[in-house]
Amino acid sequence: MNDDETKLWLRLLGCSSQIARVINRRLRDRFEYSLARLHVLEVLSASKRGVALSQLASALMVPQSNVTALVNELVKVGHVRRVTAEADRRVQVVLLTKAGRAMLRRLRTEQTRSLSALFLDVPREDIASLLMDLTAFEQAVSANLELNSSKRRAARKRRRQPPARPPRRRVASQSRAKK
């Protein structure tokens, strides 16, 4: 990785972290809610049938133990509920409750207000341009990740296969003996 790539990654990470800290603080101050809880509600809002804890952890890119703790908190306040999956009785599925949907609407409104305040002095054209650039950037990174993933899968497959044996060559003494 060259110096510009490192700087870009650190800049993206820094901006993202700053924005997340501001939104998290505002959600805590107004609603006693964390950004992590909001993310759980967002994922659950996209599903009518509920989401298994393992799928939720994967969607949030966090360990399942973290998701379990968040879900426990949300069950306590009545914003989500757990049910047993119909297809597999061993699996717990998490669903958004009516109170959870109402809270999600309020949290989204506060998040929008926070972002508007943070981006107040950024010209709309700059936001649109950056959004297009970041979309292209994300697509390129995703394509490279997929390419690298395919290469890793192929390498693992090659490692699992026994090496091909070269054909046995006759030793000169064996050749003469047959003559």
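Helices α1 and α5 are oblique to each other, and the tour of this predicted model opens with that pair.

**First selection: α1 and α5**

Select residues 3–31 for α1 and residues 98–118 for α5. The two helix axes come within 10 Å and cross at roughly 135°. An angle of that size falls between the ranges counted as roughly perpendicular (65 to 115 degrees) and roughly antiparallel (over 145), and is therefore classed as oblique. Viewed as a pair, α1 passes α5 in a right-handed crossing.

Next, display the side chains where the two helices meet. On the α1 side, select Ile-19, Val-22, Ile-23, Arg-26, Leu-27, Arg-30 and Phe-31. Their counterparts in α5 are Met-103, Arg-106, Leu-107, Glu-110, Gln-111, Arg-113, Ser-114, Leu-115, Ala-117 and Leu-118. Coloured by class, the residues of this contact divide into 10 nonpolar, two polar and five charged.

Move to Thr-97, in the loop between β3 (92–96) and α5. Is Thr-97 buried or exposed? The residue has a relative accessible area of 15%; the limit for a buried residue is under 20%, so Thr-97 counts as buried.

Show the backbone of Gly-78 as well: the side chain of Thr-97 reaches the backbone oxygen of Gly-78 at 2.6 Å.

His-79 lies in the loop between α4 and β2 (80–84). This residue is also buried, with a relative accessible area of 9%.

Which side chain forms a polar contact with that of His-79? Select Tyr-33: a polar contact of 2.8 Å joins the two side chains. With sequence neighbours within four places again set aside, His-79 is in contact with Tyr-33, Leu-41, Leu-74, Leu-95, Leu-96, Thr-97, Ala-99, Gly-100 and Met-103. Met-103 links this stop to the opening one, for it is among the α5 residues that meet α1.

Select residues 53–60 for α3 and residues 64–76 for α4. Their axes come within 9 Å and cross at roughly 110°. That angle makes α3 roughly perpendicular to α4.

Display Leu-53, Ser-54, Leu-56, Ala-57 and Leu-60 in α3, together with Gln-64, Val-67, Thr-68 and Val-71 in α4, to see where these helices meet. By class, this contact has six nonpolar, three polar and no charged residues.

Between α3 and α4, in the loop, lies Pro-63. Pro-63 is partly exposed, with a relative accessible area of 47%.

**Final view: the whole chain**

Of the 179 residues, 22% count as buried, and Thr-97 and His-79 are examples. Among contacts between residues at least 6 apart in sequence, 50% join residues at least 24 apart.

Technical notes: Residues are numbered from 1 along each chain as its sequence is written. This is a predicted model: local features need pLDDT of at least 70, side-chain atom pairs count only at pLDDT 80 or more; totals for chains, interfaces and linings use all residues. Side-chain values use heavy atoms; hydrogens and water are left out. Axes are lines fitted to C-alpha atoms, for helices over the stretch in contact, and angles run from 0 to 180 degrees between N-to-C directions. Helices (H or I, at least four residues) and strands (E, at least two) are DSSP runs, numbered from the N terminus. Angles under 35 degrees count as roughly parallel, over 145 as roughly antiparallel, 65 to 115 as roughly perpendicular and the rest as oblique. A crossing is left-handed if the near helix is turned anticlockwise from the far one by less than a right angle, and right-handed if clockwise. Contact means heavy atoms within 4.5 Å. Ala, Val, Leu, Ile, Met, Phe, Trp, Tyr, Cys and Pro count as nonpolar, Asp, Glu, Lys and Arg as charged, and the others, Gly among them, as polar. Buried means under 20% relative accessible area, exposed over 50%, partly exposed in between (1.4 Å probe, protein chains only). A polar contact is a pair of N or O atoms within 3.5 Å; within protein, one must be able to donate a hydrogen and the other to accept it, and residues adjacent in sequence count only if both atoms are side-chain atoms.
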